[in-house]
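Please look over the sequence and the model shown here before reading on.

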Amino acid sequence: MDTAPAPAFSVGLTGGIGCGKTTVADMFGALGASLVDTDAIAHALTAPHGAAMPAILDEFGADFATGDGAMDRAKMRALVFSDATARTRLEAILHPRIREATAAAAAIATGPYTIFVVPLLIESGTWAGRVTRVLAIDCPEEMQVARVMARNGMAEEQVRAIMATQVTRAQRLAAADDVVVNDAGLAALRPQVERLHAFYLAESRRIVPDRGVK
């Protein structure tokens, strides 16, 4: 998925399903970073009365909406995993809208640096070149599976099917400039996030010295 140019200093935060991307991003946000979450944008677009819903219903039919008018995520997930053309059709609807909303959110960001939370950052082929640094959230694959099964009520084979559509753990780590290891709870996460936040602040000051970064 393409997007508008990122701010002067920006971080692309990524990770496999169940790695804890949202938890880590929220920690950075609490420290003052601006967050632009492409997954949250996608959910808003496909929520009841979301901006993408008319086009989705026109393309896929009313059966792909829940009773309250949101996209039926389980049904759509099953379709796109079994039909590559359906995935392409859905992406053609969502990606331009996500791109527009992402650019708008970045344009009004007020933090000393911006973190773009992009689950498929490496897979996109374009995002990595548009941010200053790539941050991967990492944990063992068995932990990913267990977390998603507990969180979403999915069967193990469903979780592994999703993981199979993402780059491997080794590929993600190889593409990352920075890594946060999320395998030992919040207490172990905080010092990693604080260390990187200090580094990102220093880098944002170096790149944009007149922004008054605190």
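The text below treats confidence, then a pair of helices, then aromatic rings.

This is a predicted model, in which local features need pLDDT of at least 70 and side-chain atom pairs count only at pLDDT 80 or more, while totals for chains, interfaces and linings use all residues. Residues are numbered from 1 along each chain as its sequence is written, and side-chain values use heavy atoms, with hydrogens and water left out.

The predictor's confidence in each residue, pLDDT, runs from 0 to 100. Its average over the chain is 90, and 93% of the residues score at least 70. Residues 1-5, however, have a pLDDT below 50. Where pLDDT is low, the predicted coordinates should not be read in detail.

Helices (H or I, at least four residues) and strands (E, at least two) are DSSP runs, numbered from the N terminus. The axes of helix H3 (residues 53-60) and helix H5 (residues 84-107) come within 10 Å and cross at roughly 165 degrees; axes are lines fitted to C-alpha atoms, for helices over the stretch in contact, with angles from 0 to 180 degrees between N-to-C directions. H3 is therefore roughly antiparallel to H5, a term for angles over 145 degrees. Contact (heavy atoms within 4.5 Å) involves Ala-55, Ile-56, Glu-59 and Phe-60 of H3, and residues of H5 including Arg-89, Leu-90 and Arg-97.

Rings of Phe, Tyr and Trp (its six-membered ring) pair if their centres lie within 6.5 Å; planes under 30 degrees apart count as stacked, over 60 as edge-to-face and the rest as tilted. The count comes to 7 aromatic pairs. The ring centres of Phe-9 and Tyr-113 are 6.1 Å apart and their planes stand at 85 degrees, so this pair is edge-to-face. Phe-9 lies in the segment before strand S1 (10-15) and Tyr-113 in the loop between H5 and strand S3 (114-117), so the pair links parts of the chain 104 residues apart.

Note on methods. Parallel < 35°, antiparallel > 145°, perpendicular 65-115°, else oblique.
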